[in-house]
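Welcome! Take a moment to look over the sequence and the 3D view, and then we can walk through some cavities and helix contacts together.

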Amino acid sequence: MTQTNNTSFLGALSMPKDDPNAPTMVHVDHVSMVFNIASEQLNSLKEYAIALSRRELHFKEFYALDDVSFEVKQGDVFGILGTNGSGKSTMLKIIAGVLEPTRGTCRVEGSIAPLIELGAGFDLELTARENIFLNGALLGYSKKFIQQHFDEIVDFAEVRDFLDMPMKNYSSGMVARIAFAIATVIVPDVLIVDEVLSVGDFLFQQKCERRIQSLINDHGVTVLIVSHSNDQIERLCNKAVWIEKGHLRAIGAAKEVCDLYRAIGGRPGSPESEKAILGTVNLDVDTPPQIHSCVFGETFYGTSAEINSLSGAPHDICILINGEFNPESRIACSLAGLLDASLYATQHDQLTDVLRQELRHQPPQTIVVVGGDDAVEPSVVSEIGQLCPGSHVIRVEETDTATGTEAFALGLESGLRWGKTAILADSQMDFVLISLSAFAFEEKAPVFYLVDGRIPTEAETALNEFERIVVVADEDTLPSSAVAEIAPNADLVRLAANSACEANDLVNRWLAPFFEHRTGVRGNLAIITDPYCELDNTLIGPLAGRLHAPVIMVSIQNLDEVAHGADLLKTMDNPPSHLLFIGSTLRYTDFDKTFLSRSLCANPAFIAAEETTL
């Protein structure tokens, strides 16, 4: 791999072996493309002239490409990867001759068919028949050539019945069909494709891909493809290059570049995190089959039903929350532990279809609604009563600010005993509360929220009854002395963290003995969740509690957080044997799940446990 300016060295990638006799079709040699951006907006030529005469016209340079070099051999199918704004399309326009590079050279052998901007050059007031000749002329085709291939273009585009209709009445997909058919009617030496495989319906996309495959396989055309689809690049290409923010990051075999891009592409993070992630990707470890699974529904509200089913939650008592209200959700988690209840989320103004089906199928004896009218409207509570006329409906935490005191009182009224620990929390430290959710559920630890930095009056007497108080707030927000005044005999534990990574470390380290006591020498599973997906995390406590599972927060949007989560799995003294991911592949891709599983499998304690099992 080539190392370039302003990038960290990522390690060498292999390159497919070239035919020694294959000529170089595209040679990009130290190409830079610089655009001048005006420092202020000028709305007329007069303003421009005045600013120029006063020497007030200033520009700043923007490097769309910075010292990029690579070669494409005859017969290569060469993919270009990168996030939006990274210079991919600029690179193709330089190769196509549309742009002249600021520095460096680009040499292309043979004819080029550029599929860069489908539909450019059409006059939408003209008919499709007229536009075929117009666009063909713009691409350099003679009128005779278009006449000879007219039927081929029309048949491919499937627009024969609409040829004499003005193109302003066409859908964007129909316009794309015509543009692609015109551009590929000849067999070029070099075909340049810029995201055109992502337009139109899926049948048209398949048809375009078959046409390109025919040009590659039947005619040996050299192809350059820009696509945001890693799978498409990996499927079609033998080589690939990754360009990020104008810099060449990697070049090599398409599969290796795609794997690299999946691991670290397009996400912020330090060079150290990049290296750590790539080190994990390249680890030589065995990953047992079925080491990870996931739980999710068709919608967020369906996920709550799936979670209750997976955890074996009973149906006698159901707790209902609005998943967008975090304090109520954390309070409900503890209450669900005390009452051994299932937990469902609904919308604030109507019951979801999933919840209606659940309530009809097996009406609970008691339904507890946590939250005021802004969280769950009275009409929703009324509908619950109509669906479950034999159920007892209770509502708690109805005030504007949920404190946990009403839920605590309900627990006492039920005749059940809360655990030995209470949680006193600042609502701004939700990452810590997510990490604590399994503990709160299992230990039946009530959650009390501060109000304007003060302990609620109703909670002061209650806190004096607990052996341990976990303070989820920093010292400035809630001094230890203030807690000691109302609970002088309680053991005080402070768990304050401002980021998901800090909460992962702090809480899981504190909980390690707790989970070891619950699960023995080795844990059964750990739950992986995105700390920024608030809706899923409102449901995670009862699931984690019933499965005796620690919660590990990993956001794939930031490399530092990915590296941190991987390191945590590698170094846990009591590692799980299975990872359960919350969310579909839209949240965690197959690559993400495999990567974190590899991190777990690299843990020496995991390896030792596997060997003992065998």
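How much space lies in the second largest cavity? About 50 Å³. Please keep in mind as you read that this is a predicted model.

**Inside the cavities**

The second largest cavity is lined by His315, Cys318, Ser342, Tyr344, Glu358, Leu359, Gln362 and Pro364. Two elements, β12 (342-346) and α12 (353-361), each give two or more residues to this lining. Sorted by class, the lining of the second largest cavity has 4 nonpolar, 3 polar and 1 charged residues.

In the structure as a whole you can find 4 cavities of 30 Å³ or more. The largest cavity holds about 70 Å³ of space. Around the largest cavity sit Ser329, Arg330, Cys333, Ile423, Leu433, Ser437, Ala440, Val447, Asn537, Thr538 and Gly541. The elements giving two or more residues to this lining are α11 (326-339) and α16 (437-442), and the largest share, 3 residues, comes from α11. By class, the lining of the largest cavity divides into 5 nonpolar, 5 polar and 1 charged.

**Helices around α6**

Now let us turn to helix packing. Two packed helices are described by the angle between their axes and the distance between the axes.

| Helix pair | Axis distance | Angle |
|---|---|---|
| α4 (residues 143-157) and α6 (residues 202-219) | within 11 Å | roughly 135° |
| α5 (residues 172-183) and α6 | 11 Å | about 5° |

How are α4 and α6 set relative to each other, oblique or roughly parallel? The axes of α4 and α6 cross at roughly 135°, and α4 and α6 are therefore oblique to each other. On the α4 side, the contact is made by Glu152, Asp155 and Phe156, and on the α6 side by Phe204, Lys207, Cys208 and Arg211. By class, the contact of α4 with α6 has 3 nonpolar, no polar and 4 charged residues.

The second pair packs at an angle of about 5°, so α5 and α6 are roughly parallel to each other. Here α5 brings Ala176, Arg177 and Phe180, while α6 brings Phe204, Cys208, Arg211 and Ile212. The contact of α5 with α6 has 5 nonpolar, no polar and 2 charged residues.

Terms used: Residues are numbered from 1 along each chain as its sequence is written. This is a predicted model: local features need pLDDT of at least 70, side-chain atom pairs count only at pLDDT 80 or more; totals for chains, interfaces and linings use all residues. Side-chain values use heavy atoms; hydrogens and water are left out. On a 1 Å grid over the protein atoms alone, a cavity is a set of points where a 1.4 Å probe fits but cannot get out, and a pocket is an open set with protein on both sides within 12 Å along at least five of seven lines; lining residues have an atom within 4 Å of a point. Grid points are joined across faces, edges and corners, and a volume is the space filled by probe spheres set on the points. Helices (H or I, at least four residues) and strands (E, at least two) are DSSP runs, numbered from the N terminus. Ala, Val, Leu, Ile, Met, Phe, Trp, Tyr, Cys and Pro count as nonpolar, Asp, Glu, Lys and Arg as charged, and the others, Gly among them, as polar. Axes are lines fitted to C-alpha atoms, for helices over the stretch in contact, and angles run from 0 to 180 degrees between N-to-C directions. Angles under 35 degrees count as roughly parallel, over 145 as roughly antiparallel, 65 to 115 as roughly perpendicular and the rest as oblique. Contact means heavy atoms within 4.5 Å.
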